[in-house]
Amino acid sequence: MSGFLALEDGTIFRGETVAADGFAVGEAVFTTAMTGYQEIVTDPSFAEQLICFTATMVGNYGVAEGRSESSRPHARAVLMREARGPGWTDWLHERGIVALSGIDTRSLVLRLREAGALRGVVVAGEGSVEQAVEVARAHAPMAGRTLAPAVSTARPYVYSDAGRARVAVVDYGCKRSILRRLAGAGAAVTVFPHDVTADELRRFDGVLLSNGPGDPAPLVAEIAVVRELIGSVPILGICLGHQLLAIAAEHTTYKLPFGHRGANHPVVDRTSGRVLVTSQNHGFAVTPSEAREATHVSLYDGTVEGLDFPLEHARSVQFHPEAGPGPHDAWPIIETWVEEVAYAEAA
């Protein structure tokens with residue numbers, strides 16, 4: 001059965017439906033990751049987005065429950081040059097995800113790089129192109145959207161109850177691999193909803209601010225909690241958590257034209273001069289800065305990829321040190337932070 005993607009600018013890309021029937025509305029974005037398609041689709045940071053994979057073939061190594069980054073897919077739709085399966089396409093179908101194969105992904109990526117991320121509608125089956133374009137134009141833009149509450153846990157839960165450091169994770173859309181890496185580093189991990197109070201978090205040895213979707217700026221209450229925490233408990237922010245710490249520390253954020261999404265983004269550590277190849281997934285960024293606390297910088301556009309406030313024991317990174325999927329250059333960040341938190345508590 002045929003299908004199509006209609007973008008808000010009127011551009012149409014046709015393909016073949018390989019999963020669920022129906023349609024999906026969201027922001028069309030692309031990822032340059034060559035592997036990790038299941039992790040990407042289940043990453044809560046992809047909420048309300050239509051994912052275009054630049055990899056030529058997607059699905060060729062199947063699916064496995066342990067690879068999912070959350071309990072369900074969060075991407076609205078999947079766009080591929082060639083879908084391989086049937087394990088992958090059956091998995092998408094069973095979970096109600098609209099997916100198209102045979103899309104000219106090269107042309108689509110070039111369009112998104114020229115125009116920036118665009119709102120779109122993916123239709124699996126017959127439908128009116130004109131109506132789909134109108135629906136895309138009427139869809140709310142990503143700027144100004146507060147999506148973290150919709151993907152956060154509804155109530156606190158204990159992920160691991162034994163460890164040398166008690167770590168609270170604020171779930172703005174947390175990936176499972178972050179929790180696994182924390183527990184593997186020796187932390188006892190408790191996960192809290194996005195609207196947890198500072199008083200609840202201060203009871204722990206350290207606080208990790210997780211990744212998540214949407215615009216950080218409108219999360220006014222969450223930023224206020226982070227501001228309260230700075231200097232009172234060790235903090236590590238990842239992705240959206242990095243942006244919230246940045247705003248709390250008087251930096252600014254803005255929407256990138258087409259985002260950083262992939263597993264091959266170079267970031268320079270200003271302290272050591274080392275370049276890390278990193279996994280990233282974000283549409284908003286911290287404005288370039290020469291401030292001393294800006295420890296890591298994107299070699300693509302100079303955006304701030306890491307902050308460190310040593311006196312306040314607060315730090316953050318825009319990229320994903322858990323690397324699920326991705327290269328392992330940044331792996332030591334989580335382990336080192338847990339070690340420091342455990343040492344400080346023991347002292």
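A salt bridge here is a side-chain nitrogen of Lys or Arg within 4 Å of a carboxyl oxygen of Asp or Glu. The model is predicted: local features need pLDDT of at least 70, side-chain atom pairs count only at pLDDT 80 or more, and totals for chains, interfaces and linings use all residues. Residues are numbered from 1 along each chain as its sequence is written, and side-chain values use heavy atoms, with hydrogens and water left out.

**View A. Salt bridge between R95 and E94.** The closest N and O atoms are 3.4 Å apart. R95 is partly exposed at 34% relative accessibility, and E94 is exposed at 62% (buried is under 20% relative accessible area, exposed over 50%, partly exposed in between; 1.4 Å probe, protein chains only). The count for the model is 18 salt bridges.

**View B. Salt bridge between E335 and R181.** Here the closest N and O atoms are 2.7 Å apart. E335 belongs to helix 10 (residues 332–346) and R181 to helix 6 (residues 176–184), 154 residues apart (helices are DSSP runs of H or I, at least four residues, and strands runs of E, at least two, numbered from the N terminus). E335 is partly exposed, at 29%, while R181 is buried, at 11%.

**View C. Surroundings of D205.** D205 sits in the loop between helix 7 (198–201) and strand 13 (206–209) and is buried, with a relative accessible area of 10%. A polar atom of the D205 side chain lies 2.8 Å from the backbone nitrogen of R166. Not counting residues up to four places away in sequence, D205 touches A165, R166, V233, P234, V341 and E345 (contact means heavy atoms within 4.5 Å).

Notes: A polar contact is a pair of N or O atoms within 3.5 Å; within protein, one must be able to donate a hydrogen and the other to accept it, and residues adjacent in sequence count only if both atoms are side-chain atoms.
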